[in-house]
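Please examine the sequence and the structure before reading the solutions.

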Amino acid sequence: MSQRLELLQKQMPTFQYTIDGGILTKEERQFYEENGYIVVRQIFTPEEIKEWTLRFREYADGQLERKYGMQVVRDISLVKRGGGKQLGEEAITKIQDWQEDEVLFKFCQNPKVIQYLKSICGPDIKSVHTMFINKPPNMGKTSRHPIHQDQVYFPFGPAHRIVAGWAALEDTNRENGCLVIYPGTHKVGPVEHCYPDWKEGVNKAYWGVKDMPPESAPKIHLEMKAGDIVFFHPYLFHGSGENRTTNFRKSICCHFASSNCQYHDIKGTFHENLANDIIAYASKKFGHVNYLDIWRFKCRLVQGQADPLGL
């Protein structure tokens, strides 16, 4: 091999977390490789935002019958005040597992989203966890989401073929509880999680990183405009703050994965404790459930081919 060819190969960037075939440029891929996230501005139209927001309100108000398995979540502070059955936009903080709702699933099937997913998941893509997140005003500190890694929930991998797509449906900033991210932490790999010791209480399954980065560690309060989306790696440390305004803060989110990802055994790992927490919660609603079956239920093909040996 000539010295010139060897030099060229050394100068070529190596990509671990992105692949060819999507819309990301070389510079954007390098940014994602280094930081674990990338923001795309103004990808959604006001009409799309309005359609998804209205759909959420229909479920929150009880106007629509929930699809089987769909979860409607209330903040622990509201439950403690006796509002465990309350409906409405002021009470419902999350609707998840809406993959069978054709209106909300337009977010996952959006061609503008898919072209970015191809750079991370590849051509065969499944949605694996769907959420509509609402931060009402006056929920207090329990509306925070502790710093965590999404991959701690997922019994499948590899992690570098999984990505979250989190879109702001209203402007998000530090005052209303925008995302907080620690750039580059996706390269740390999996770390142990536990419930944070918050005197105000913590919402069910809101686990956080046990050993937090030092105060000096770089972090970003990711302020976004309605219509922006951020894609981030499932090992990236992230969370969100309290909504201290008099307005709502809404977002829609889906975790996507290559349909070729494989389930793996979490028995004997720290993932198992979190899995048992989720199994206990799900069993109260649906009877005895298996953790892998929970995730199989959540999945839906977005594009390409389903792998019979994969998700």
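A salt bridge is a side-chain nitrogen of Lys or Arg within 4 Å of a carboxyl oxygen of Asp or Glu. The model is predicted.

**Exercise 1.** Determine whether the salt-bridge partners Lys250 and Glu89 are buried or exposed, and where they lie.

*Solution.* Step 1: the N to O distance between the two side chains is 2.3 Å, and the pair forms a salt bridge. Step 2: Lys250 belongs to strand 14 (residues 249-258), while Glu89 sits in the loop between helix 4 (76-80) and strand 3, 161 residues apart. Step 3: buried means under 20% relative accessible area. Lys250, at 0%, is therefore buried, and Glu89, at 13%, is buried as well.

**Exercise 2.** Identify the network of salt bridges that includes Asp101.

*Solution.* Step 1: Asp101 forms a salt bridge with Arg55, with the closest N and O atoms 3.0 Å apart. Step 2: Asp101 is in the loop between strand 3 (92-96) and helix 5, whereas Arg55 is in helix 3. Step 3: through shared partners, Arg55, Glu58 and Asp101 are joined into one network.

**Exercise 3.** Describe the polar surroundings of Gln71.

*Solution.* Step 1: Gln71, in strand 2 (residues 71-74), has a relative accessible area of 6% and is therefore buried. Step 2: the Gln71 side chain reaches the backbone oxygen of Gly69 at 3.1 Å. Step 3: a polar contact of 3.3 Å connects the side chains of Gln71 and Tyr281.

**Exercise 4.** Which residues touch the most other members of the largest nonpolar core?

*Solution.* Among its 39 residues, they are Trp98, Phe107 and Phe256. Helix 3 (residues 46-60) supplies the largest share of this core, 5 residues.

Key. Residues numbered from 1 in each chain as written. Predicted model: local features only at pLDDT ≥ 70, side-chain atom pairs only at ≥ 80, totals over all residues. Heavy atoms only, no water. Core = buried A, V, L, I, M, F, W, Y, C linked by side-chain atoms within 4.5 Å. Buried < 20%, exposed > 50% of the residue type's maximum accessible area, 1.4 Å probe, protein only. Helix = DSSP H or I, 4+ residues; strand = E, 2+ residues; numbered from the N terminus. Polar contact = N/O pair within 3.5 Å; in protein donor to acceptor, adjacent residues only side chain to side chain.
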